[in-house]
Amino acid sequence: MLNRINTNNLKGDAFGGLTAAVIALPMALAFGIAVGNASGVPEAGAAAGLWGAVIIGLVASLFGGTPTLISEPTGPMTVVFTSVVISFATTADSPGQALAMAFTVGVLAGVFQILFGLFRLGRYITMMPYTVISGFMSGIGIILVLLQLAPFLGQAPPKGGVMGTLSQLQVLIQGTQPMELLLAVITLIILWFTPSGLKKVCPPQLLALVAGTILSLTVFSGLGLRTIPEFSAGFPTLSVPDFSGGQIRMMVVNAAVLGMLGCIDALLTSVVADSLTRAEHDSNKELIGQGLANVASGLFGALPGAGATMGTVVNIQAGGRTALSGVIRAVILMLVVLLASPFASKIPLSVLAGIALKVGIDIIDWEFLKRAHHLSMKAAVITYGVILLTVLVDLITAVGIGVFVANVLTIDRMSALQSKKVKTISTADDDVELSQEEQALLDQTAGKVLLFQLAGPMIFGVAKAIAREHNAIANCQAVVFDLSEVSHLGVTAAIALENAVKEAIEAGRNVFMVGATGSTENRLKRLKLLDRLPASHITDDRLRALNLAVGSLSPASADA
């Protein structure tokens, strides 16, 4: 049940957990404040982010399937969760109810993840074109950057999320608070230019948080900088899921999107962890662990989360090798929340905005975006299209359209390749490997016997090629359908083959079937296609079928 927890690497796990906790603290605060600002209840944001880091990290470490994975609120999950909060803010009776409904979505997202794991869908979750993954992750990064523009410039975020920010962009720029902007820029400079030697001692995020807070209390003292609202330092209380507001359908859809994103985020991070530790994770168990973590987090009014790449890599590099490192990290964070939360109200919002904005910039897949148009124009169009849909419409529309278009293009390409393996052969001059006896038989009939050959997987896109090749048949008296090299016969291709056989029979031609075995034979039997042919016309030997076809010709044709 538990995630292979043991004390064989206690020292390494302790250092890994401590380092991951240090990384998690500023990120959890930044993501919590982002959600709090969107909900209209800013004082609830910091606590929701911090307790999300604690609860998700603890439960996922205990019940997940990747020992070194660190789970916590992440940039992508926070962006989607923020959009959920914003969507409910317009229909709920109060900001508190909107936040409660959003936490219910987090619970439902966890339920979806548990179901994905129980139905063993883990290996299918990440079977998505990279162009789509890159597009929606980059879109999420852009959204996170846009949502941080207002606090980065020293102002309260406008209502309406991304579109509200874009529509008020000129007003935000005109109302820039110079000192808050300067503090945010200093934060970015620290994050970008911290020397590598110093990074090994202190993570840039924590360094920026501490340095920014100290500057606000000294150099920028008395300037009225906006800081984190005070919040309760006590343990979170269990809350009942809120299904009010007549938004159940929207809640389920949002939960499915949030749950799927969490699955992708976690499993991609698990792959990274595997590459660093030379281990192999259990994807289905990981999904169950992530689901339990998000259910628990939502029930206690905390942010949803997933596997965090940065925290996981830092944990492994610091020596973490078992899930005990994740448990230690959660305990350390809990102590920090309970003992040091009164000091959190001194942290400037512009510093947190700078940290979150840097996360958004890092989420954008710059490496692929720079070369997408060189690799393939179609790939570039899909990627940039998904980015635009993610930013301007919503994630589910972006992923749905992106996956559909990418799959259609892939199927078209695969169909074109497979269509080349649908051939009609009337003489030995064709580019097909035939034995000398088979070549002699075809040459002997001077085109009166046609070998109709199919090879490889016959997917639905090949149906047109089957119909096209059959329609090109001219003056022949016998057709040998050779399925010896067919590895898969799809329903649509099988129907096209059935039509070709029926039309050949109706045209008075003798039809022979070769090599239909296994699943191909079963499919033809279910179509009752083999019942249309005499038993003697069905064989596994192509040479025998050609001999039978030659023997079925009229004497004049055979002599020709």
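Five bridges link strand β5 (residues 478-489) to strand β6 (residues 510-514), and the two strands run parallel. Helices (H or I, at least four residues) and strands (E, at least two) are DSSP runs, numbered from the N terminus, and two strands count as paired if DSSP finds at least two bridges between them. The structure is a predicted model, in which local features need pLDDT of at least 70 and side-chain atom pairs count only at pLDDT 80 or more, while totals for chains, interfaces and linings use all residues. Residues are numbered from 1 along each chain as its sequence is written, and side-chain values use heavy atoms, with hydrogens and water left out.

Attention now turns to the largest pocket. A pocket is an open set of points on a 1 Å grid over the protein atoms alone, where a 1.4 Å probe fits, with protein on both sides within 12 Å along at least five of seven lines; lining residues have an atom within 4 Å of a point. The volume of the largest pocket is about 660 Å³, taken as the space filled by probe spheres set on the points, which are joined across faces, edges and corners. Its lining comprises 25 residues, and Met137, Asp265, Thr309, Asp362 and Ile363 lie nearest the centre. Helices that each supply at least two lining residues include α1 (10-39), α12 (248-277) and α14 (309-317).

After α14 comes Gly319, with a positive phi near 120°.

Helix α15 also holds Gly326, which is buried, with a relative accessible area of 2%. Leaving aside neighbours within four places in sequence, Gly326 is in contact with Gly57, Ser61 and Ile70. From Gly326 to Ser341 the separation is 15 residues in sequence and 21 Å in space, C-alpha to C-alpha.

Definitions and conventions. Buried < 20%, exposed > 50% of the residue type's maximum accessible area, 1.4 Å probe, protein only. Contact = heavy atoms within 4.5 Å.
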